[in-house]
Amino acid sequence: MAYRINRKIFCLGILLCISNLSLANSSHNFYVTTLSILSYAKFSNPNPSFCVIDNPNIANQFTFFAQQNNYNLITHSINADELRSTYCDVVFFTSTPPNTQQQLLNKSLNKSILSFSTNNNECEIGSSFCLFTSKNGNTLFRVNLDSLAHSKIHIDPRVLLLAKSSE
């Protein structure tokens, strides 16, 4: 079941993704963008497990944003080596290199796992969604269609169209 999301928050996230206006660079942009994308994902679990790899501060921020916006998201901060033994529906990488992301995803306990990264600009291997900041401070994303297909998580196609236009 897809998450219910406040439409104003989603519109803000989309605006951040496709706007050509010069906006202030916010350290929270990728939180809103990630949660907006997740709102259009269909998980078998109504309370998906969201695992942030090797970054407890980011995990705390996601917990805050999820609670503030009424997301049914259970956030965990785990070490990369714990992905083999921890059930995660979603994984968020902040410092893991793309090759290592791919290896960890291949060895993860859950084989249907949706992945995000903030350090995989090329987005050719590793995570399904690769978030980056444009020159004008907007958070944009690319989609690795191979990784997304491997995840077996359905994402509304309208989200994929936004990624394509953001490139």
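**Fold, salt bridge and aromatic pairs**

Tutor: D156 is buried, its relative accessible area being 15%. Please bear in mind that this is a predicted model.

Student: Which side chain does D156 meet in a salt bridge?
Tutor: A search of the whole structure returns one salt bridge. D156 is buried because its relative accessible area of 15% falls under 20%. The N to O distance is 2.7 Å, and the partner is R158.

Student: Is the pair of F62 and F92 stacked or edge-to-face?
Tutor: The structure holds twelve aromatic pairs. For F62 and F92, the ring centres lie 4.9 Å apart. Planes over 60 degrees apart count as edge-to-face. The planes here stand at 65°, so the pair is edge-to-face.

Student: How many residues apart in sequence are the parts that F62 and F92 tie together?
Tutor: Both F62 and F92 are buried, and both belong to one aromatic cluster, which also includes F30, Y31 and F141. F62 lies in helix 3 (residues 56-68), whereas F92 lies in strand 4 (residues 90-93). The pair therefore ties together parts whose separation in sequence is 30 residues.

Student: What share of the contacts with a separation of 6 or more comes from residues 24 or more positions apart?
Tutor: The protein has six helices and eight strands. Of its 167 residues, 51% count as buried. Among contacts with a separation of 6 or more, the share from residues 24 or more positions apart is 63%.

Key:
Residues numbered from 1 in each chain as written. Predicted model: local features only at pLDDT ≥ 70, side-chain atom pairs only at ≥ 80, totals over all residues. Heavy atoms only, no water. Salt bridge = Lys/Arg side-chain N within 4 Å of Asp/Glu carboxyl O. Buried < 20%, exposed > 50% of the residue type's maximum accessible area, 1.4 Å probe, protein only. Phe/Tyr/Trp six-rings, centres within 6.5 Å; stacked < 30°, edge-to-face > 60°. Helix = DSSP H or I, 4+ residues; strand = E, 2+ residues; numbered from the N terminus. Contact = heavy atoms within 4.5 Å.
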